[in-house]
Amino acid sequence: MAFRRPLTAWLSFLLLSLFASAQDEGVLNGETGRLNNQSLLWGPYRPNLYFGVRPRIPHSLMTGLLWAKIDNYVDVQNSFRYTCEQHEGMAGYGWDEYDTRKGGVQSIHDAGNKIDISTTFVKIPGGGHGGSWAARIKGEPREDTAADLKTTVMFYAASEALGEVLEVVDDGDDNGFEGDVTLKGSSEALGDYKLVVTAGQGEHPGSNHDISKRRDLDKTTVRSLMLPGDHLWQAKPIIFQQLKAGVDEIIQDYGPENAPPPWQVYQLANAPGAGNAQIIQKVFEGPFEFDILFSSGSAGKDTTSEDLTREIRLTTEAFHDRFSEVFEPQAPFKTDEYRKFGRSMLSNLAGGIGYFYGRHVVDRSYAPEYEEENEGFWEETAEARARKQEQLEGPHELYTSIPSRPFFPRGFLWDEGFHLLPIADWDIDLTLEIVKSWYNLMDEDGWIAREQILGEEARSKVPPEFQVQYPHYANPPTLYLVLEAFTERLQKTNGSQHTGSEHLSQAVVLENAHVDNPTLGIEYLRNLYPLLRRQFLWFKKTQFGDIKSYDREAYSTKEAYRWRGRSVQHILTSGLDDYPRPQPPHPGELHVDLMSWMGMMSRSLAKIADFVGLPEDVQEYNKVSDGISHNLVDLHWSESEGCFCDATIDDFEEHTLVCHKGYISIFPLLLGLLQPDDPKLGKLLNLVGDEEELFSPHGIRSLSKKSEFYGTDENYWRSPVWININYLAVVSLRNYALQPGPYSAKAKDLYSRLRKNLIETVYKSWEETGFAWEQYNPETGQGQRTQHFTGWTSLVVKIMAMEDLGGASSGHTRVEL
């Protein structure tokens, strides 16, 4: 049993038990929400930084860590690390273990600066403002460098709220602080608080230069600043500006020929005081260690280094125990190497959770061209976009798990559903918080922007042409995969308990409160359901496909769908970007992947509506599902090709299929829309297993090897292996393998081989490069494109935890989602 540490949590659960026993559902729901918010308030929620802590509160305290090698004058500017960047000289970085409610340990292998950094973060519950937290920063020179490596480390703290400042408690000496540096602050949301940066351990470089009287390298220096609020996120240029001023002063006083050594040139002059930004700098020679201790005033006790040491041990023990319970790798991967790999993948997925706040850019001109009704519509929509009628909207806030810290540090709608599938196994209540955060972004029509670029800091990573969001653009509704799985878990729990008997006992923790207490889960779904229905109706209204205008023969006259936002080469809204589609684009196109998503969506909504007691809605969704089931065949199945295909209108104004075999072709299989005895399932399994088409030693290719478009142009979705789609395939193959039917043996064989290929591919690349990758080469297995892609690639941790159907049975027969 995993160690459950906070006594205060037990008292809260006991209190909840009393509330629930009195059947006070409102109090139960409210108190659980409060406890969730408290335990999830703080975190390294600036995942775009190597290490940056903040709360889930707008305009609040935010922090960040910077460091650089300072053994010469020339390379310092390019040596500073702050924001995660691709190809910055890292030999790998990320969380070795991390639990969003407790904390964890991150290792950063900075080959360029010849140092390994570890950042350990823990939360300490207590008080009424989300508790306290602490971090331990360690540096160790790498084996290929001198033991006297010179490194500067800076801790940056800023208060975003207007009028709220951080104040240095003691001025120290004129040239710095020999001991700890203490900041104090106060805010409406956080109350009174204290931040301590300890003196720590480590040697400091020496210097015989005259400037040593003013710049003492044995001491910690502090620079306090008052800055415009919209500049506070730009720590690196702010620090460079301060360093430049110091360099200019040295050149003026000593000239370039008599300059002190670089580790002294790049030390900030000590100037402590009150300000909305505080820079705390240390300079080390060789290894070092220091702590950052945040104490909430309402906790009634200051956090100490001893507290941090204790919590590190307890957090590590709890994480390892819980990982073994939830994600223990199954044969043939039951080794320490794969356990370490799995812990890393899960931890980096959770460690990529961030909090974002700000305005985003939206074009709500509703230009008639955006209806995409005319032939040549892609040219008309390009002209409409060129009119640049977008405006800033918001501010909005989002709690989300990002795809990649260096390259995609923001929320992506269709990625999120995949991200949350492993997180839901680990912590369903955290998952539901993130889902709720996304649906809080929905507008009155039912639209959620597919890419959430909130605030100037987020926009700094995105080219202007990709910043604008359009209210007629959809994205695959992957959050329904998560909600469907949650509903099924909840149904099992609810069926095993008597009505009114549920309560939060001392043996239950917040990670599973909404499953272990059906009252909470049902209330959550009941509150969310109107937004889900609004989104579903928005899809049907804005992404419909045209059946009647072209005299198409189909079982249903309503169930056909077309992605809006198409260009000649791309349908970015589909998520499959450059995957080949009918040419040229046509307003009569129909997209089989979108119809499949709608089938999954209606199936999920029927389950949810049934669970919250809305039988008429259940009938409506079942009717949609029935229409989709038939129309997938009537409008998209090619018997000659043995797969599903997109459709368009030919030169004779007739319905015609365009078959580019690949991910698109197997979507009804991927989303479990086929019956286990359907002959079409057999043909799709043959396509999936054909090594000259889709099956490779490293996973299912995105496009058939026989396609004329295989590996061409951008080659983004035109050959590479993508883990999110392969995960859907693994789950579906497993489900078909465990159901009686003529194709169960074939599905079992494919499941076993695909599962093994995927795990070995992702593991080998991770072991060789230190990174998870966005996609994998189907011929070599090498990771490619975006590095540190710990979003949906982390689904490998779920795949490892699935049983090996080719070997001894583990006794598992549950249906995976």
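The crossing of helices H14 and H16 is left-handed. The model is predicted. H14 spans residues 518-542, and H16 spans residues 615-636. Two packed helices are described by the angle between their axes and the distance between the axes. For H14 and H16, the angle is about 35 degrees. Their axes lie 14 Å apart. On the H14 side, the contact is made by Tyr529, Arg533, Phe536, Leu537 and Lys540. H16 contributes Asp617, Glu620, Tyr621 and Val624. By residue class, the contact of H14 with H16 holds 5 nonpolar and 4 charged residues. No polar residues take part in this contact.

Strand pairing was examined around strand S6, residues 115-124. S6 pairs with two strands, S5 and S7. Strand S5 covers residues 103-110. The pairing of S5 with S6 is antiparallel and runs over 8 bridges. Within this pairing, glycine 103 has valine 122 of S6 as its bridge partner. S5 and S6 form a hairpin with 4 residues between the strands. In this hairpin, lysine 114 takes a positive phi near 60 degrees.

Strand S7 covers residues 132-141. S6 and S7 also pair in the antiparallel sense, here over 10 bridges. Aspartate 116 is bridged to glutamate 140 of S7.

Key:
Residues numbered from 1 in each chain as written. Predicted model: local features only at pLDDT ≥ 70, side-chain atom pairs only at ≥ 80, totals over all residues. Heavy atoms only, no water. Axes fitted to C-alpha atoms, helices over the stretch in contact; angles between N-to-C directions. Left-handed = near helix turned anticlockwise from the far one by under 90°. Contact = heavy atoms within 4.5 Å. Nonpolar A, V, L, I, M, F, W, Y, C, P; charged D, E, K, R; others polar. Buried < 20%, exposed > 50% of the residue type's maximum accessible area, 1.4 Å probe, protein only. Pairing = 2+ DSSP bridges.
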